[in-house]
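This briefing goes through the fold, the sheet, the core, the domains and a few single residues. Please read it alongside the sequence and the model.

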Amino acid sequence: MARGRKLYEGKAKVLFAGPEPGTIIQYFKDDATAFNNVKKGTITGKGVLNNRISEYLMTKLMEIGIPTHFLKRINMREQLIREVEIIPVEIIVRNIAAGSMSKRLGIPEGTQLPRSIVEYCYKSDELGDPLIAEEHITAFGWASPQDLDDILAMSLRVNDFLSGLFAGIGIKLVDFKLEYGRIFDENGEMRIVLADEISPDNCRLWDTTTNEKMDKDRFRRDLGNVAEAYQEVARRLGILPEGGLQDLQGSDTLQ
Ligand SMILES: Nc1ncnc2c1ncn2[C@@H]1O[C@H](COP(=O)(O)OP(=O)(O)OP(=O)(O)O)[C@@H](O)[C@H]1O
Ligand SMILES: [Mg+2]
């Protein structure tokens with residue numbers, strides 16, 4: 001598939017203009033960063049796995065009626081998506097205390113939360129993605145109260161669905177981060193869709209019986225076997241090809 005010009009290079013992905021107007025090719029890199037770009041490294045095969053895992057999870061979510069930007073996977077590292085206007089807010093859904101929430105509030109990691117808690121962060125690398133309140137989002141016009149209601153309802157549905165899906169393969173969905181964007185149709189009607197990616201880069205996934213971490217915390221905290229953990233998530237989802245990663249369809253890749 002013809003790739004257009006490079007539109008944006010982020011920390012984990014590169015966006016290229018897609019074949020049709022309003023489409024983008026999202027290329028998944030092996031690069032990993034943590035602590036707002038202070039720690040950098042590569043996780044061999046991560047891009048291939050995240051491309052496949054995100055395709056799988058977005059497809060499952062579309063099957064239950066969650067609108068997403070996903071159109072199709074093109075090859076090992078690329079997927080075709082709909083171009084959206086990204087809402088500059090990260091939605092974090094938490095089921096078990098971990099990471100920044102544990103630090104901020106002094107709640108030991110692993111504490112089961114009394115109910116799912118949704119947090120918002122302002123997407124800004126310069127500011128370190130600060131925690132914000134709903135008030136900031138609506139007051140500064142990042143999303144209208146109605147948009148925010150929809151985003152919250154969708155995020156809770158995503159949480160319920162993915163929690164069940166992972167529970168079925170012996171994994172606890174501890175927390176995750178979502179991004180949403182706006183799509184405008186021919187009549188100028190606006191729709192909000194789930195964008196970016198859902199992968200072990202932005203979910204905390206713990207083995208149900210051992211609590212072993214199967215996500216980017218292995219990289220953040222130098223726990224080792226990072227690539228193996230991502231592969232194990234794909235294997236349990238039933239999407240790791242028997243012959244290994246190279247058996248994933250398509251191979252016209254950059255790296
Ligand atoms: N459908 C889409 N249309 C347009 N932009 C998108 C879409 N989905 C995701 N994006 C944006 O593409 C970029 C993906 O690249 P990557 O995840 O590497 O960025 P990043 O380094 O995390 O930076 P950022 O702080 O911008 O998220 C992000 O900025 C994300 O918000
Ligand atoms: Mg990102």
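**Overall fold**

Of the 255 residues of the chain, 36% count as buried (20 or more other C-beta atoms within 10 Å of the residue's own; exposed means 12 or fewer, partly exposed in between, with C-beta atoms placed from the backbone). This is a predicted model, in which local features need pLDDT of at least 70 and side-chain atom pairs count only at pLDDT 80 or more, while totals for chains, interfaces and linings use all residues. Residues are numbered from 1 along each chain as its sequence is written, and chains are lettered from A and ligands numbered from 1 in the order in which they are written.

- The chain holds 6 helices and 14 strands; these are DSSP runs numbered from the N terminus, helices being H or I of at least four residues and strands E of at least two.
- The chain is as compact as a globular protein of 255 residues, because its radius of gyration of 18 Å is close to the 18 Å from the globule rule (radius over C-alpha atoms; rule: 2.2 Å times the number of residues to the power 0.38).
- The C-alpha trace spans about 50 × 50 × 35 Å along its principal axes.
- Among contacts in the chain with a separation of 6 or more, 55% are between residues 24 or more positions apart; a contact means C-beta atoms, placed from the backbone, within 7 Å.

**The five-stranded sheet**

- An open sheet is formed by 5 strands in the order β1-β2-β3-β7-β6, with antiparallel pairing (two strands pair if DSSP finds at least two bridges between them).
- β1 (6–9) and β6 (70–73) are the edge strands; each has a single partner strand, so one side of each is left without a neighbour in the sheet.
- On average, neighbouring strands of this sheet are turned by 25° against each other, direction ignored; axes are lines fitted to C-alpha atoms, for helices over the stretch in contact, and angles run from 0 to 180 degrees between N-to-C directions.
- Helix α1 (residues 46–63) packs on the sheet and touches β3 (23–28), β6 and β7 (78–82). The direction of α1 makes about 135° with that of β6.
- R73 has Q79 in β7 as its bridge partner.

**Nonpolar core**

- The largest nonpolar core has 59 residues; such a core is a set of buried Ala, Val, Leu, Ile, Met, Phe, Trp, Tyr and Cys residues joined through C-beta atoms within 7 Å.
- Those with the most contacts inside this core include I91, I151, L173, Y180 and L205.
- Elements that each supply at least two residues of this core include β9 (89–96), α4 (145–167), β12 (171–184) and α6 (226–237).
- This core draws at least three residues from each of domain 1 and domain 2.
- Leaving aside neighbours within four places in sequence, Y180 is in contact with I87, I151, I192, V193, L194 and A195.

**Domains**

- The chain is divided into domain 1 (6–84 + 227–243) and domain 2 (85–207); the bounds come from an automatic or database domain assignment.
- The centres of the two domains, taken over C-alpha atoms, are separated by 17 Å.
- In domain 1, 22 residues are in contact with 26 residues of domain 2.
- α1 gives the most to the side of domain 1 that touches domain 2, with 7 residues.

**Single residues**

- T44 lies in the loop between β5 (39–42) and α1 and counts as exposed, because it has 12 C-beta neighbours inside 10 Å. Not counting residues up to four places away in sequence, T44 touches D30 and A227.
- L105 is found in helix α2 (residues 99–105) and counts as exposed, with 9 C-beta neighbours inside 10 Å. The C-alpha atoms of L105 and R77, 28 residues apart along the chain, are separated by 38 Å.
- Most residues other than glycine have a negative phi.
- D196, in the loop between β13 and β14, has a positive phi near 60°. D196 is buried, with 24 other C-beta atoms within 10 Å.
- N225, in the loop between α5 (217–220) and α6, has a positive phi of about 50°. N225 is partly exposed, with 13 other C-beta atoms within 10 Å.

Methods
Two residues are in contact if their C-beta atoms, placed from the backbone, lie within 7 Å.
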